[in-house]
Amino acid sequence: TVAATMEAATLWILVANEDSLFTGSGFVVAEGYVATNAHVVDMKPPFDIYIGNSVVPFTEARLVGKSHDKRNPGGSDFALLQFVPPAGVTLPILSFNTDIRRMDKVSAWGYPAMVTRWDNSVRMLVDDDYDGDDLSPPPVVYTEGTVRTLVKDAGGTSIVHTASIAGGNSGGPRVNRHGEVVGVNTWGYTE
């Protein structure tokens with residue numbers, strides 16, 4: 001099913017240095033590779049990146065490339081992470097579909113902080129009250145909506161939709177009803 005695929009292919013991303021801890025979302029695009037937003041991993045070095053979900057226990061990842069046009073909200077904001085999948089686990093690789101139109105149904109998958117902050121593992125991370133064995137990623141959050149319009153500018157195309165997203169959803173997949181990636185959740189307005 002689409003839900004089972006998305007739950008296994010959507011990953012929680014933690015980026016930490018000595019001073020800060022940021023979270024975001026990402027998704028499997030090839031064996032051992034996760035796509036996310038560049039701003040999710042835009043932290044002062046040195047920093048560590050960890051990923052995980054209900055199938056992948058917390059695993060270290062490394063940044064292998066990024067492209068970020070900070071001047072344009074609809075511009076390039078992508079990063080690619082590499083990790084070693086757990087032995088015996090085959091993660092679904094999400095496919096892409098650029099055929100998206102007004103009124104299409106879409107869903108957003110990810111780890112919005114306004115929901116995940118109540119998870120016990122997240123509280124332990126924030127309070128620095130854990131050992132490596134008692135952490136498990138929070139459950140992935142799903143929202144659905146409809147494409148309102150497509151806005152094209154110099155940076156590319158932004159999909160304006162009604163699926164709720166919030167801080168922490170950045171880098172997560174936006175998919176059609178078949179589970180094909182039609183966009184990456186990057187930014188939103190509260191107005």
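This is a predicted model: local features need pLDDT of at least 70, side-chain atom pairs count only at pLDDT 80 or more; totals for chains, interfaces and linings use all residues.
Local features were considered at pLDDT of at least 70 and side-chain atom pairs at pLDDT 80 or more, whereas totals for chains, interfaces and linings use all residues. Residues are numbered from 1 along each chain as its sequence is written, and side-chain values rest on heavy atoms, with hydrogens and water left out.

The structure contains 4 aromatic pairs, a pair being two rings of Phe, Tyr or Trp (its six-membered ring) with centres within 6.5 Å, classed as stacked for planes under 30 degrees apart, edge-to-face for over 60 and tilted for the rest. Trp12 and Tyr111 form a tilted pair, because their planes meet at 40°, with 6.3 Å between the ring centres. Since Trp12 belongs to strand β1 (residues 10–16) and Tyr111 to the loop between β7 (105–110) and α2 (113–116), this pair ties together parts 99 residues apart in sequence; strands (E, at least two residues) and helices (H or I, at least four) are DSSP runs numbered from the N terminus. Trp12 is buried at 1% relative accessibility, and Tyr111 is likewise buried, with a relative accessible area of 1%; buried denotes under 20% relative accessible area, exposed over 50% and partly exposed the range in between (1.4 Å probe, protein chains only). Ring pairs join Trp12, Tyr111 and Phe58 into a cluster.

A tilted pair is also formed by Phe27 and Phe96, with a centre-to-centre distance of 6.1 Å and 55° between the planes. Phe27 lies in strand β2 (residues 21–30) and Phe96 in the loop between β6 (77–83) and β7, so that the pair links distant parts of the chain, 69 residues apart. Phe27 is buried at 1% relative accessible area, whereas Phe96 is exposed at 52% relative accessibility.
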